[in-house]
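Me: Could you go through a structure with me? I'd like to take it slowly, one topic at a time.

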Amino acid sequence: MHMNVKPGRRWIFNATSFVPRYEFPKYNIALTDFKGHQLKALRKFERLVPQMNMIMELRDIRAPLSTRNVIFDRIARKEHDMLKLVLYTRKDLMPEDKTYANKLKQWHEELGEKFVLLDCRNKTEVKNLLKILEWQNFELEKNGGYLPMGYRALITGMPNVGKSTLINSLRAIFHEHNQEHMGSKRKKVARTGAEAGVTRTTSEVIKVASKTAESKNEIYLIDTPGIGVPGRISDHNRMLGLALCGSVKTNLIDPIFQADYLLYLMNLQNFCKRKKELYPGSNNSPTNDIYEVLRRLQVSKSQNEKSVAIEWINKWRLQGKGIIFDPEVLLSNDEFSYKKYVNNQLEKLGDLSYEGLSQKLKGNPNQVF
Ligand SMILES: Nc1nc2c(ncn2[C@@H]2O[C@H](COP(=O)(O)OP(=O)(O)OP(=O)(O)O)[C@@H](O)[C@H]2O)c(=O)[nH]1
Ligand SMILES: [Mg+2]
């Protein structure tokens, strides 16, 4: 779906004011970064999911559509009473105004999806999530009795959304409570990093809660590699959104295109007025010209445009606060329906055929299909 985010009545510009672009050019870019190890993980999910009590799907709060992978809906739906909880990570980078939080709430209510917002590195917030897990475990135990393999949750999501960081935080809390029993056992159990594709294989079970006086079940998590979307459910906006939050390899898409998309989003979100201090250079006068922006950001004459673009997008990827990478968020409910969007994605995905995905991976060395 290619969006034209033409303004409703929300954007009122007078004759002399700056007009942002409402549509982003369809540059020639790769529309997927789906990889062989992801296919392997998906196959493993088939065997694992029936043994799970819950699936948690992590998404980046700054890209609620781009980091939403309908593959996980398909997987959870196969197991009818499987609880699926959506966790929006990077809450610390979320826009502060209430409009966005309200929009998310409306979207999820439309679908009957439960969601939680958190910073995966924040102990208090992670402790609250642990309480949700404990509560779910407790409820299940009350109804179904003792689970010999413990309460199990599969941690899923697109690459680089914070899955392993969250597991490490939960494990650190567990370690703190059980120090005398655990001795020098490692606190960090999962490797993390700022690039997409750090976790390559599905982990063994990771214990994050012991038996308690109230519950005989231990709680376990399973870390998994980030799973991207195949080309048939991707599009230009989604791919650029993923690039800006680091969910596809950063060098997959030309940094100038990424920087231009960032500029397009900043202008649409009125950064030159609302967050002037974050708008690039020249007394912060707005522009739609990415080369003008790169000139403003250049620190020395010898620095080329590409490296300026890389520096700029990296900064926003890691610390960019207050920006949303999916422009559809700016549209009214009449202009954009979340439910329709998700159903459309599910339709395009069709049956999740691993054979089909595998054939395409084999046939195309660039893994772009
Ligand atoms: N600001 C912020 N950064 C986070 C948060 N959660 C994770 N990160 C950072 O995001 C990056 C990716 O985290 P990982 O935990 O490796 O992500 P992942 O989902 O396991 O990634 P893959 O294994 O590649 O699929 C790391 O640099 C983390 O420090 C968060 O809530 N807020
Ligand atoms: Mg990981």
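**The metal site and the rings**

Reply: Let us begin with two residues, S164 and T199, which are both buried; please keep in mind that this is a predicted model.

Me: OK, and what is coordinated by S164 and T199?

Reply: The magnesium ion, ligand 2, is coordinated by OG of S164 and OG1 of T199, at 2.0 to 2.1 Å.

Me: Where in the chain are S164 and T199?

Reply: They link distant parts of the chain, 35 residues apart: S164 belongs to helix α5 (residues 163–177), while T199 lies in the loop between α6 (179–182) and β5 (206–209).

Me: Switching to aromatics, how many aromatic pairs are there?

Reply: The count comes to 11 aromatic pairs. One of them is formed by W107 and F336, whose rings are 5.5 Å apart centre to centre with 55 degrees between the planes, and this pair is tilted. The pair joins distant parts of the chain, since W107 is in helix α3 (residues 98–111) and F336 is in the loop between α11 (305–319) and α12 (338–349), 229 residues apart.

Me: Is W107 buried or exposed, and what about F336?

Reply: W107 has a relative accessible area of 1%, so it is buried, and F336, with a relative accessible area of 5%, is buried as well.

Me: Then why is the pair of W135 and F138 called tilted?

Reply: The ring centres of W135 and F138 are 6.1 Å apart and their planes are at 40 degrees, so the pair is tilted, because planes under 30 degrees apart would count as stacked and those over 60 as edge-to-face. Both residues lie in helix α4 (residues 123–144), three residues apart, which is about one turn of the helix.

Me: How accessible are W135 and F138?

Reply: W135 is partly exposed, with a relative accessible area of 48%, and F138 also counts as partly exposed, at 30% relative accessibility.

Me: Which residues do ring pairs link into a cluster?

Reply: The cluster that ring pairs build consists of F24, Y27, F257, Y261 and Y264.

Me: What sits over the ring of Y220?

Reply: That is the charged end of R152, which lies 5.6 Å from the centre of the Y220 ring.

Me: Last topic, the backbone: what is the phi of R90, and of N270?

Reply: R90 has a positive phi of about 60 degrees although it is not a glycine, and R90 is found in the loop between β2 (83–89) and α3. N270, which is not a glycine either, has a positive phi of about 55 degrees, and its place is in the loop between α8 (255–268) and α9 (271–274).

Methods: Residues are numbered from 1 along each chain as its sequence is written. Chains are lettered from A and ligands numbered from 1 in the order in which they are written. This is a predicted model: local features need pLDDT of at least 70, side-chain atom pairs count only at pLDDT 80 or more; totals for chains, interfaces and linings use all residues. Side-chain values use heavy atoms; hydrogens and water are left out. Rings of Phe, Tyr and Trp (its six-membered ring) pair if their centres lie within 6.5 Å; planes under 30 degrees apart count as stacked, over 60 as edge-to-face and the rest as tilted. Helices (H or I, at least four residues) and strands (E, at least two) are DSSP runs, numbered from the N terminus. Buried means under 20% relative accessible area, exposed over 50%, partly exposed in between (1.4 Å probe, protein chains only). A charge sits over a ring if NZ of Lys or CZ of Arg is within 6 Å of the ring centre and within 35 degrees of the ring normal. Donors are N, O and S atoms within 2.8 Å of the metal (3.2 Å for Na, K and Ca); water is not among the atoms, so sites may look incomplete.
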